[in-house]
Amino acid sequence: MKITDRSKQATVPAPSERGTERLSTLGELKAKGYQSKSIKDELRDNLITKIKNKETTFEGVHGYENTVIPELERAILSRHNINLLGLRGQAKTRLARLMLNLLDEYIPVVAGSEINDDPLKPISRYAVELIKDKGDNTPITWLHRSERFAEKLATPDVTVADIIGDVDPIKAANLKLSYADDRVIHYGMIPRANRCIFVINELPDLQARIQVALFNILQEGDIQIRGFKLRLPLDMQFLFTANPEDYTNRGSIVTPLKDRIGSQILTHYPADIETARRITQQEAKIVEGQNKTVIVPDLARDLLEQIVFEARESEFIDAKSGVSARLSITALENLLSTAERRALINGDDRTTLRLSDFVGIIPAITGKVELVYEGEQEGAAAVAYNLIGEAVKSLFEDLFPKIGKLQKQEEESPYDDIVSWFFNLKEGFELLDELRDKEYEALLNGISPLDDLITEFQPNIAKEDAYFVKEFVLWALVEYKLLSKHRFTEGIQFKDPYGSFISGI
C-alpha cells in the first residue's frame, strides 16, 4: 500500500546547546541512542532535577510555596492526573501552563502525524504504515515544549466529536473510502494532544455524558470513535480545573471520573497583604508613563489589598463565588488612571495618589463581586464604598491609637483637636477631585492638628506619603462617626457630624 508522504511540514531542529544534532530520520535517531520517555516521566524527571538544583518550579506564583506547590509536586512525582479545585482568580490556569517548563525542550515526532507519534513507539495507522514503508528513512520533526499544551474550556455545547473524534464524511469522499475504514476518522482534541499536557477548565460544566467519554482515556488510554475499536495508548498528562461553586450552580464531576483523577489539590487566596501586593504588582498592566506620572504611597497599596480582603469577608458578597485576585489587579490599574487623568487635566507632569482617587476603583469592584440578597438591596456602588470604608478602618488601628466605641465625656482622645477644628468650621471642608497638588496640600496643611497627630504617632512617614496619610485619618474618623463625609459630583466634603445641629447651620 502506498503511503502518502506528509513529511514536508516545517521542522524545528533540536537545540545545539543540548548536544542534539539536527536529526531528520528515524535511523539517525536510533543511531544517536534516543530513548522514548512518557510525558509523566518527563515531568517527574525534570521536576526531580529542579528540586535537586534548588530551582523555583513554578515561577511567578506567590503564596503557594508551602501549600499548593508542594502538593502539586507530589502529584507530579506520583505521575498522577490532577484536578485543581478552587474559587475564581486562584491561579489554577497559571499553574497548569507553568507545567510546560517541566517538559523536555524538544521531542521527536513522526513527520506528518496528526497525533504526534513517537518514532520509536508509533500508535496511529499512518505512522505505523509510514515506518513500515520507509524504515530508517522515515522522516521526523522536532516538537518544542511550547507546542505541547492543549486547553479546552468546558462549555455545555462541547461534544464527544470535539474532544474524542468522529467519522469525517468529506475525508471518506476525498479518499474514496467506506465508513468502515478507520482512515475516515477525524481525531478530536485529545488524540491530537498526544504526548502533551491537556487542560480542561471548569470541568463540572462539562455534560455528564461527555465526562463519561473520558473514563477509558484516563484509565486505559484507549478510545472509541463511532464503533471503531481503536487501541491508542495515548501518552498524556491531564490537568483539570474546577470551581466549588459549580458543584451546586451548574453541574458536578461524576463520581467515576473523580475516582480516575489521581490527585485533587485545593487552591486558595493570598493569606496576607504582602503576598497579595506582590501578585497585584506582577499582574497589573501598568503603562510606563503612569509609573513616571503617579507616585503611589505605600499605604495606598496596602489599602487596595485590604479592600479585597474585606470583600471576601463581607456579609453583602457571596463567599461561595469568591473574590478574584483580578479585582485588585484591575483596581490598581483604575487607581493609577484616576490620578493620571487628573494630572493630564491640570497639565502636571507628576502627581501623588490620593485616597479620594479610590472612588475611581468602584467600577472594578462592582463588576467582579456577586452580591447576596442584602447586597442587592444596598446596591453595588454602596457596597463598594462600604468596602473602602471598612478597609480604612482595619488599617487605621495598626497605625494610630484605637478609637473605642464607648468613650467617657471627660476622657481625652488624640483626635479631640481634629474634631474641634471641624466643629469650629462654619462650612464644610471640601476636597475637589481635580485640585492641583499644591492646592490639595495647602488645604490639608490648614488642618494643623493633623500634623501634630502624625508627628506623634507616625514620625517616620515618608514625606511624599504624608498627605495621603492625612486624608486617610479623615476617612477613618468618618468611619468611627467622629466626622461626617458627603460625596458630591466634584469631590468630597468633611464636616463635624453634630456642629450643624448645634450652630443651626
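The legends below describe an overall view and several close-up views of a predicted model.

In this predicted model, local features need pLDDT of at least 70 and side-chain atom pairs count only at pLDDT 80 or more, while totals for chains, interfaces and linings use all residues. Residues are numbered from 1 along each chain as its sequence is written, and side-chain values use heavy atoms, with hydrogens and water left out.

**View 1. The protein chain as a whole.** The protein chain contains 24 helices and 16 strands, where helices (H or I, at least four residues) and strands (E, at least two) are DSSP runs numbered from the N terminus. Of its 505 residues, 49% are buried, a term that stands for under 20% relative accessible area, with exposed meaning over 50% and partly exposed the range in between (1.4 Å probe, protein chains only). The chain exposes about 25400 Å², of which carbon and sulfur atoms supply 48%; accessible areas come from the Shrake-Rupley method with a 1.4 Å probe, and for residues only the protein chains shown count as cover. Among contacts (heavy atoms within 4.5 Å) with a separation of 6 or more, 76% are between residues 24 or more positions apart.

View 2. Five strands form an open sheet in the order β4-β7-β10-β1-β11, with parallel pairing; two strands pair if DSSP finds at least two bridges between them. The edge strands, each pairing on one side only, are β4 (149-153) and β11 (263-266). Neighbouring strands of this sheet are turned by 20° against each other on average, direction ignored. Within the sheet, β7 (residues 197-201) and β10 (residues 237-242) pair in the parallel sense over 4 bridges, and V199 has L239 in β10 as its bridge partner. Helix α3 (residues 68-77) packs on the sheet, where it touches β1 (82-85) and β11, and its direction makes about 170° with that of β11.

**View 3. The surroundings of P108 and R195.** P108 lies in strand β2 (residues 106-110) and counts as buried, because its relative accessibility is 0%. Leaving aside residues up to four places away in sequence, P108 touches L29, Y34, D117, D118, P119, I140, T141, W142 and R195. The C-alpha atoms of P108 and L26 are 9.2 Å apart in space, although these residues are 82 residues apart in sequence. R195, one of the residues that P108 touches, sits in the loop between α8 (189-192) and β7. Although R195 is not a glycine, its phi is positive, at about 70°, and R195 is buried with a relative accessible area of 5%.

View 4. Helix α22 (residues 448-457) packs against helix α23 (residues 466-479) at an angle of about 105°, with the axes 10 Å apart. The two helices are therefore roughly perpendicular, a class that covers 65 to 115 degrees, whereas angles under 35 count as roughly parallel, over 145 as roughly antiparallel and the rest as oblique. Axes are lines fitted to C-alpha atoms, for helices over the stretch in contact, and angles run from 0 to 180 degrees between N-to-C directions. L450, D451, L453 and I454 in α22 meet A466, V469, K470, V473 and L474 in α23. In the loop between α23 and β15 (484-488) lies K481, a residue other than glycine with a positive phi near 65°. K481 is exposed, with a relative accessible area of 61%.
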